[in-house]
Amino acid sequence: MPNIEWNLAAWSSGRDWSGEGEAWSAPWGSSEAQWFGMLYPRLHRWLPARSVMEIAPGYGRWTRFLVPNCAAFVGVDLSATAIQACQQSFAAAEHARFHRNDGLTLPPGGPFDLVFSFDSLVHAELEVFEAYVPQILANLAPGGVAFLHHSNLAALDPAMDNPHHRARSVSAVKLRQLVEASGGAVLVQEVISWGAIVQHDCMTLFGRQDSFPQSQPVLLDNPETWREARMIQQFQAPWNR
Ligand SMILES: C[S@@+](CC[C@H](N)C(=O)[O-])C[C@H]1O[C@@H](n2cnc3c(N)ncnc32)[C@H](O)[C@@H]1O
């Protein structure tokens with residue numbers, strides 16, 4: 001079970017961060033290819049933004065694309081090692097601040113136009129979302145959105161292997177119920193595969209109900225994520241690899 005203690009142990013001082021997480025983008029070719037081929041097309045309506053919060057930036061694999069796209073940036077991570085690395089890497093960006101947290105409490109700030117997290121909270125159990133979702137909604141600017149990548153394992157066979165250490169208590173449905181019960185409106189949920197495992201994860205985009213009073217959730221099932229990754233990799237210019 002990847003609880004907060006597991007995450008703290010997995011991502012802190014003993015961890016080899018020498019590649020800064022770049023290897024996790026190998027299926028897309030590089031983090032640049034993954035950002036512009038996979039993530040930015042799903043986020044382009046919300047960028048650039050006045051203010052952005054990134055939850056769990058690690059060593060800044062996505063931070064380097066978010067920081068130049070906003071006037072104020074807050075990054076928050078459980079790992080002191082990750083926060084120190086981001087403070088060093090983005091020292092020249094005076095509008096960027098980084099905070100270490102306890103895995104449940106978001107720092108003061110905002111209102112935020114975009115709250116972003118990718119390839120981190122897949123390892124967070126439901127208790128983390130129960131803590132974060134109300135805080136996110138309370139700190140979203142009118143019209144602002146949150147884009148969270150999370151596990152969908154609670155929707156799958158409980159006896160299945162879990163090679164990517166996904167949270168077993170989280171699913172797209174549970175996240176949607178939590179967002180709605182907390183005063184939010186889910187705009188899009190895209191269930192994705194990870195490697196060979198279909199419906200492994202989900203990306204949920206949501207805002208405040210008062211910002212999106214008429215919206216109905218768009219629920220997408222995308223079993224082609226890895227084929228999409230291969231295509232992105234195949235058609236990248238060599239300088240993006
Ligand atoms: C696999 S790394 C990914 C980092 C980055 N998102 C990337 O894609 O390169 C996971 C990061 O999530 C952080 N993390 C895990 N659970 C967290 C939580 N509940 N709150 C804040 N940070 C968390 C870890 O400390 C670690 O830096």
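Predicted model: local features only at pLDDT ≥ 70, side-chain atom pairs only at ≥ 80, totals over all residues.
Q: In what order do the 8 strands of the open sheet lie?
A: Let's start with the sheet. Helices (H or I, at least four residues) and strands (E, at least two) are DSSP runs, numbered from the N terminus, and two strands pair if DSSP finds at least two bridges between them. The pairing in this open sheet is mixed, and the order is β3-β2-β1-β4-β5-β7-β6-β8.

Q: Which are the edge strands?
A: An edge strand here pairs on one side only. The strands that do so are β3 and β8 (218-222).

Q: Which residue in β7 is the bridge partner of alanine 185?
A: Strand β6 (residues 184-194) and strand β7 (residues 197-208) run antiparallel and are joined by 9 bridges. In β7, the partner of alanine 185 is glycine 207.

Q: Is glutamate 190 buried or exposed?
A: Glutamate 190 is found in strand β6. Buried means under 20% relative accessible area, exposed over 50%, and partly exposed in between (1.4 Å probe, protein chains only). Because its relative accessibility is 9%, glutamate 190 counts as buried.

Q: With which side chain does the side chain of glutamate 190 make a polar contact?
A: Contact means heavy atoms within 4.5 Å, and leaving aside neighbours within four places in sequence, glutamate 190 is in contact with residues including Arg42, Asp201 and Leu220. A polar contact asks for a pair of N or O atoms within 3.5 Å; within protein, one must be able to donate a hydrogen and the other to accept it, and residues adjacent in sequence count only if both atoms are side-chain atoms. At 2.9 Å, the partner is the side chain of asparagine 222.

Q: Which residue caps the N-terminal end of α4?
A: Helix α4 (residues 80-89) has the buried residues Thr81, Ala82, Ile83, Ala85 and Cys86, and they pack against α1 (4-11), β2 (70-77) and β3 (96-100). At the N-terminal end of α4, a side-chain oxygen lies 3.3 Å from the backbone nitrogen of threonine 81, and the capping residue is serine 79.

Q: At roughly how many degrees do the axes of α5 and helix α6 cross?
A: Leu126, Phe129, Glu130, Val133 and Leu137 in α5 meet Lys174, Leu175, Leu178 and Val179 in α6. Axes are lines fitted to C-alpha atoms, for helices over the stretch in contact, and angles run from 0 to 180 degrees between N-to-C directions. The axes of α5 and α6 (residues 172-181) come within 10 Å, and they cross at roughly 35 degrees.

Q: Which residue is joined to proline 48 by a cis peptide bond?
A: Proline 48 sits in the loop between α2 and β1. Omega of this cis bond is about -5 degrees, and the residue joined to proline 48 is leucine 47.

Q: Which residue is joined to proline 111 by a cis peptide bond?
A: Look in the loop between β3 and β4 for proline 111. Here omega is about 5 degrees, and the residue joined to proline 111 is glycine 110.

Q: What is phi of alanine 56?
A: You will find alanine 56 in the loop between β1 and α3 (63-66). Alanine 56 is buried, with a relative accessible area of 16%. Its phi is a positive value in a residue other than glycine, near 65 degrees.

Note on methods. Residues numbered from 1 in each chain as written. Heavy atoms only, no water.
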